[in-house]
Every structure is written in structure tokens, then in C-alpha cells.
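Subject: Structure handover

Dear colleague,

Please find the structure below, with the sequence beside it. My notes on what was found in it follow, and I would be glad if you read them with the model open.

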Amino acid sequence: MGRIQLKQVKKSFGDVTVIPPLDLEINDGEFVVFVGPSGCGKSTLLRLIAGLEDTTSGTIEIDGKDATGLPPAKRGLAMVFQSYALYPHMSVRKNIAFPMKMAGMPKEEQDKRIAAAAKALNLTDYLDRRPGQLSGGQRQRVAIGRAIVREPSAFLFDEPLSNLDAALRVGMRMEISELHKKLDTTMIYVTHDQVEAMTMADKIVVLQAGVIEQVGSPLELYRNPRNKFVAGFIGSPK
Ligand code: ADP
Ligand code: MG
């Protein structure tokens, strides 16, 4: 599961339309990257999918069902925030358990999911530490762990690596790609970084001023950019 369809989705803040009506189809299990310059509407589009913003018009379907009016918790998706959203006074285990505890999940099931997430993220030896006792990369993995235990049909990432240093970013990119292979779940990943888009995506969505300029695989965009903006942004020689 993890098919997401946007049909004529529009978003205005007051009189200002930041996303004119757009259509987008995200397939089950795809790694989709929204890329574009700062202010082009990437976060807004992700927040519309997550249900953190209401659409002005249009519909969002998740796994074939209309999810347009649903609150975030009912959409079956998990948003991964930057690692500073962790609770500093709680252990890694408690941070990861938090969404399950809120949902009233039985303790045994929580423990099972924590163990599985910790294994997938190489955090097994760090479960009793607090975020302040971890490296930046480990903290980011905890933030991902908190999403994994909810077993979402899709993961939504908004520039998750932007506050990590360059070397760590390269490693975390590989870890997220690896995790995508392991979990085989839809991932939508927002970045303004072309390299991230080109190396991680199955499908890239290039945005400019709320408009989708082009959708395609990294190679398709590189070989056949539709216009100068895409070519310039992707670094295509055309
Ligand atoms: P990106 O993530 O690509 O940098 P955003 O989605 O954050 O871009 O923002 C797109 C546009 O929408 C920007 O012009 C921004 O100022 C505007 N915007 C975003 N959120 C709000 C809001 N809550 N109220 C008014 N304008 C907003
Ligand atoms: Mg943003």
C-alpha cells in the first residue's frame, strides 16, 4: 500500500495562491523526491498530503480512498521531522514508543516494533540513551524510528538532513535509500538539493512557484529536460 493521488489540488493562503491546481500520481513503493528552489511550495505540498494543511480545493486519495478531509492521524502516513523534534528528557526507547503509547497500543506489541525498528536502524545498543548522548546521524535515525513503528503506508520527509554536516548527509542519504529497499514502502522526500534528488529518487517532481515543471526518473529528466528551468536545475547539458 502507499498509492497517493492528487487531483486538481490547490492551496491558497488568503488571497495568495501558492499551489495552483495540480495533478500528481505516486505509486505504491515509489521513492519520490519533490525538488525545487526555496519557497516553491515543496513543504506545503507535503503538508497537504500529510493533512497538516487543508486543501483549498481538489482531492487527495490514499490507497484509493478519499482522504481529503481526514486528520493527519487517520491517513496512515508518517512524517519524519528533523532530529531536533525528539524529546530530550526521554530515552531513545521512549521517544520511539511515544506515538504507539499515544495510540494505546499494547506494551508487547510496542516492544516488538521498537526492537524491529532499532534493528533496521542499527540503534539496538542505544535504546537506553537520551538524544543528547547520540551523534547527529543517530538522532536522525531515532526520528525515523518513531515513524517506522507506526507502520505507515508512506513516509514523508521534509529536508530531514538539512541540519547535518556534509559528510554525515552523504551517509544518511545511503541509509534512507537502504531503508526504502528494506521496507519497500512509498517515500516522499522533499529537498532543495539536486544531488539528493538525482541520487535517491525513483521519480523526481520538479517544482517552480507551485507548478510542476516536470515529473520523471533522474535519467529521463537529465536526458530530456522539458525546459531551461529543469535543465538548469538538474544540471543537464541541454
Ligand atoms: P518550500 O518548502 O519549497 O521552501 P513552502 O511550501 O514552505 O516552500 O512555501 C511556499 C510558499 O507559501 C512561500 O511563498 C511561503 O511564504 C508560503 N507559505 C507557506 N506557508 C504559509 C502560511 N502558513 N501562510 C502564508 N504563506 C505561507
Ligand atoms: Mg520547505
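Predicted model: local features only at pLDDT ≥ 70, side-chain atom pairs only at ≥ 80, totals over all residues.

Residues are numbered from 1 along each chain as its sequence is written, and chains are lettered from A and ligands numbered from 1 in the order in which they are written.

Most residues other than glycine have a negative phi. N122 sits in the loop between α3 and α4, and it counts as exposed because it has 12 C-beta neighbours inside 10 Å; a residue is buried with 20 or more other C-beta atoms within 10 Å of its own, exposed with 12 or fewer and partly exposed in between, the C-beta atoms being placed from the backbone. A209 also has a positive phi, near 50°, and is found in the loop between β9 (203-208) and β10 (211-216); with 15 other C-beta atoms within 10 Å, A209 is partly exposed.

Helix α3 itself covers residues 107-120 and reaches 20 Å from its first C-alpha to its last, close to the 20 Å expected at 1.5 Å a residue (1.5 Å times one less than the number of residues). Which residues of α3 are buried? They are I114, A117 and A118, and they fall within an arc of 100° seen down the axis, so they line one face of the helix; the arc is that of the directions from the helix axis to the C-beta atoms. On the other side of α3, E108, E109 and K119 are exposed. The cover over the buried residues includes α2 (92-102) and α4 (136-148), judged by contacts, that is, C-beta atoms placed from the backbone that lie within 7 Å.

Turning to the ligand, the residues that surround ligand 1 include F13, V18, K42, S43 and T44, where being near means a C-beta atom, placed from the backbone, within 6 Å. Helix α1 (residues 42-50) gives the most to this shell, with 3 residues.

Finally, the protein chain as a whole has 8 helices and 10 strands, and of its 238 residues 37% count as buried.

With best wishes

Definitions and conventions. Helix = DSSP H or I, 4+ residues; strand = E, 2+ residues; numbered from the N terminus. Contact = placed C-beta atoms within 7 Å.
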